[in-house]
Amino acid sequence: MSTPTTSPTATTSVEDEITSRLPDLGHTFPELAALSGALRKAVWNGPIPKTTIGLVQLRAAQIVGSTYHTVRLTGDLRKAGEPEVRIGTVATWQSSPYFTDAERVALEVVEAVLTPNPFGDRVSDELFARASVHYDATAMWTLTMAIGHLCLFIPVALIGKPIPGKPFGKNYSK
């Protein structure tokens, strides 16, 4: 499978050649912008550091195979000043030395939530207890809603195929 590339003198970018499957969701359901904005505000103003939320959401995007969300969240983390070594090792956080214990357990929680476990609970009592060492009830709800916020838009990315790298409002071609 070849990857499209552009030369430095090309007049179009890869994003200009990609099309979405569906039109902008905001035109069909304008109320979702307010809902998403309220949820984002609640999560980002909560007790968990924004960096941790960004890392958790990036890991969720990687797990479900969403290029759109992975590109967007990686860009957001870069803009926030997150070091490349941490962004680049989110997928291998278990063996990476660049994460705090609190970040590690948050990454483990998102993996548990999004990875089927045929042998029991996805989020075991043991994992919840380890997470509770770092996060009180309010923070656990914040972590839960941070995962849920991204999960609300996973089907949008996987089915509608917004264009990776394009800003909101310009990420649909139809």
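Me: Which helix holds T142?
Reply: This is a predicted model. The helix in question spans residues 137-160. T142 has its place in helix α9.

Me: Is T142 buried or exposed?
Reply: Buried means under 20% relative accessible area. T142 has 9% relative accessibility, so T142 counts as buried.

Me: How are α3 and α9 directed relative to each other?
Reply: Helix α3 covers residues 31-44, and its axis is 9 Å from that of α9. The two helices pack at an angle of about 150°. Angles over 145 degrees count as roughly antiparallel. Therefore α3 and α9 are roughly antiparallel.

Me: How many charged residues has the contact of α3 with α9?
Reply: By class, seven are nonpolar and three polar, and the number of charged residues is one.

Me: How does α4 run relative to α5?
Reply: Helix α4 (residues 50-64) and helix α5 (residues 67-79) have axes that come within 9 Å. These axes cross at roughly 160°. That makes α4, relative to α5, roughly antiparallel.

Me: Which residues of α5 does α4 meet?
Reply: The α4 side consists of T51, G54, L55, Q57, L58, A61 and Q62. In α5 they meet H69, T70, L73, T74 and L77.

Definitions and conventions: Residues are numbered from 1 along each chain as its sequence is written. This is a predicted model: local features need pLDDT of at least 70, side-chain atom pairs count only at pLDDT 80 or more; totals for chains, interfaces and linings use all residues. Side-chain values use heavy atoms; hydrogens and water are left out. Axes are lines fitted to C-alpha atoms, for helices over the stretch in contact, and angles run from 0 to 180 degrees between N-to-C directions. Helices (H or I, at least four residues) and strands (E, at least two) are DSSP runs, numbered from the N terminus. Angles under 35 degrees count as roughly parallel, over 145 as roughly antiparallel, 65 to 115 as roughly perpendicular and the rest as oblique. Contact means heavy atoms within 4.5 Å. Buried means under 20% relative accessible area, exposed over 50%, partly exposed in between (1.4 Å probe, protein chains only). Ala, Val, Leu, Ile, Met, Phe, Trp, Tyr, Cys and Pro count as nonpolar, Asp, Glu, Lys and Arg as charged, and the others, Gly among them, as polar.
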